[in-house]
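Colleague: I would like to go through this model with you, one question at a time. Please show it first.

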Amino acid sequence: MKKYLFIITLVIILILSFIGFSNSNKTEKKEYLNSGSKIDIHAKGFMPLIEELPKYQDISYKYNHVSIILFETDTIMLVVSYDEETYQKEKEKLTVKYKFLDHKVVSDYDKNKYYIPEHQFSINNYDLKVVDGNDNYQAEYPKSFGMIGISDKKRSIAYLYFYDYDLDYIQDDSESPMANFVKRYYKYDF
């Protein structure tokens with residue numbers, strides 16, 4: 001009996017290790033908005049096209065995918081650095097192109113939980129704001145939404161997009177819940 005229990009346990013562990021958890025990321029610009037996952041469809045109305053950006057000094061792209069059994073989370077981030085003049089112009093365009101949240105977003109089901117616990121927050125040199133929408137994009141909190149971060153010190157603009165159809169709310173159990181959320185899912189050194 002113990003032998004069968006051991007074999008069953010071993011089989012379950014092997015199955016979970018193969019299908020239970022996966023983690024991947026991509027950084028090749030040619031794969032930007034072309035990861036082959038659902039996030040691409042949702043993010044295209046929010047994220048800028050690289051070919052339409054003005055001349056930049058540096059650009060980095062990161063796509064993360066985490067899968068735990070049936071639950072999947074995808075994130076896309078594009079960070080663009082400019083010279084001072086171009087940075088100021090692009091920063092001004094953000095308020096024209098995007099509508100930013102100006103309040104927390106409370107859960108429809110539990111008024112003690114938040115879809116978005118902070119509408120603006122900071123991580124190191126970046127000030128980030130949650131985007132509510134634009135002409136081509138409408139947020140679906142907390143499952144699918146974008147954020148924009150600016151850093152005057154680095155003259156950089158960071159575009160972040162999150163997609164997780166199964167997420168019900170964002171944990172609000174710390175002093176900086178959105179900063180913790182971004183650090184957890186984007187794994188980027190701001």
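Colleague: What is the volume of the largest pocket?
Modeller: Keep in mind that this is a predicted model. In it, the largest pocket has a volume of about 530 Å³.

Colleague: Which element gives the largest share of the lining of the largest pocket?
Modeller: The lining has 26 residues, and Thr73, Asp164, Leu167, Arg184 and Tyr185 lie nearest the centre of the pocket. Two or more lining residues come from each of strand E1 (21-26), strand E2 (58-68), strand E3 (71-81) and helix H4 (177-186). The largest share is 6 residues, and the element that gives it is E2.

Colleague: How many residues in the lining of the largest pocket are charged?
Modeller: Sorted by class, the lining holds 9 nonpolar and 10 polar residues. The charged residues in this lining number 7.

Colleague: Which helix gives the largest share of the lining of the second largest pocket?
Modeller: The second largest pocket holds about 340 Å³ of space. It is lined by 19 residues, and Pro48, Leu49, Glu52, Lys97 and Tyr98 are the closest to its centre. By class, the lining has 10 nonpolar, 3 polar and 6 charged residues. The largest share is 5 residues, and it comes from helix H3 (residues 84-97).

Colleague: Is Asn134 buried or exposed?
Modeller: Asn134 belongs to strand E8 (residues 126-134). Its relative accessible area is 16%, and the cut-off for buried is under 20%, so Asn134 is buried.

Colleague: Which backbone nitrogen lies 2.8 Å from a polar atom of the side chain of Asn134?
Modeller: Further along the sequence, Asn134 is in contact with Gly45, Phe46, Lys97 and Tyr98. Its side chain also reaches the backbone nitrogen of Asn136, at 2.7 Å. The backbone nitrogen at 2.8 Å is that of Tyr137.

Colleague: What is the C-alpha to C-alpha distance between Phe121 and Ser176?
Modeller: Phe121 is in strand E7 (residues 120-123). In sequence, Phe121 and Ser176 are 55 residues apart. In space, their C-alpha atoms are 7.5 Å apart.

Colleague: Why does Phe121 count as buried?
Modeller: Leaving out residues up to four places away in sequence, Phe121 touches Tyr126, Asp127, Leu128, Val130, Met147, Met178, Ala179 and Val182. The cut-off for buried is under 20% relative accessible area, so Phe121 counts as buried at 7%.

Colleague: How many of the residues of H4 are buried?
Modeller: The buried residues of H4 are Pro177, Met178, Ala179, Phe181, Val182, Tyr185 and Tyr186. H4 is mostly covered, and out of its 10 residues the number buried is 7.

Colleague: What is omega for the peptide bond from Tyr141 to Pro142?
Modeller: Most peptide bonds are trans. Pro142 is in the loop between strand E9 (137-138) and strand E10 (144-151). The bond from Tyr141 to Pro142 is cis, with omega near -10°.

Colleague: What is phi of Asn124?
Modeller: Asn124 is in the loop between E7 and E8. Its relative accessible area is 63%, and exposed means over 50%, so Asn124 is exposed. Most residues other than glycine have a negative phi. Asn124 has a positive value, near 50°.

Colleague: Is Lys187 buried or partly exposed?
Modeller: Lys187 follows H4 and has a positive phi, near 45°. Its relative accessibility is 49%, between the cut-offs of 20% and 50%, so Lys187 counts as partly exposed.

Terms used: Residues numbered from 1 in each chain as written. Predicted model: local features only at pLDDT ≥ 70, side-chain atom pairs only at ≥ 80, totals over all residues. Heavy atoms only, no water. 1 Å grid on protein atoms, 1.4 Å probe; cavity = no way out; pocket = protein on both sides within 12 Å on 5 of 7 lines; lining within 4 Å. Points joined across faces, edges and corners; volume = space filled by probe spheres on them. Helix = DSSP H or I, 4+ residues; strand = E, 2+ residues; numbered from the N terminus. Nonpolar A, V, L, I, M, F, W, Y, C, P; charged D, E, K, R; others polar. Buried < 20%, exposed > 50% of the residue type's maximum accessible area, 1.4 Å probe, protein only. Polar contact = N/O pair within 3.5 Å; in protein donor to acceptor, adjacent residues only side chain to side chain. Contact = heavy atoms within 4.5 Å.
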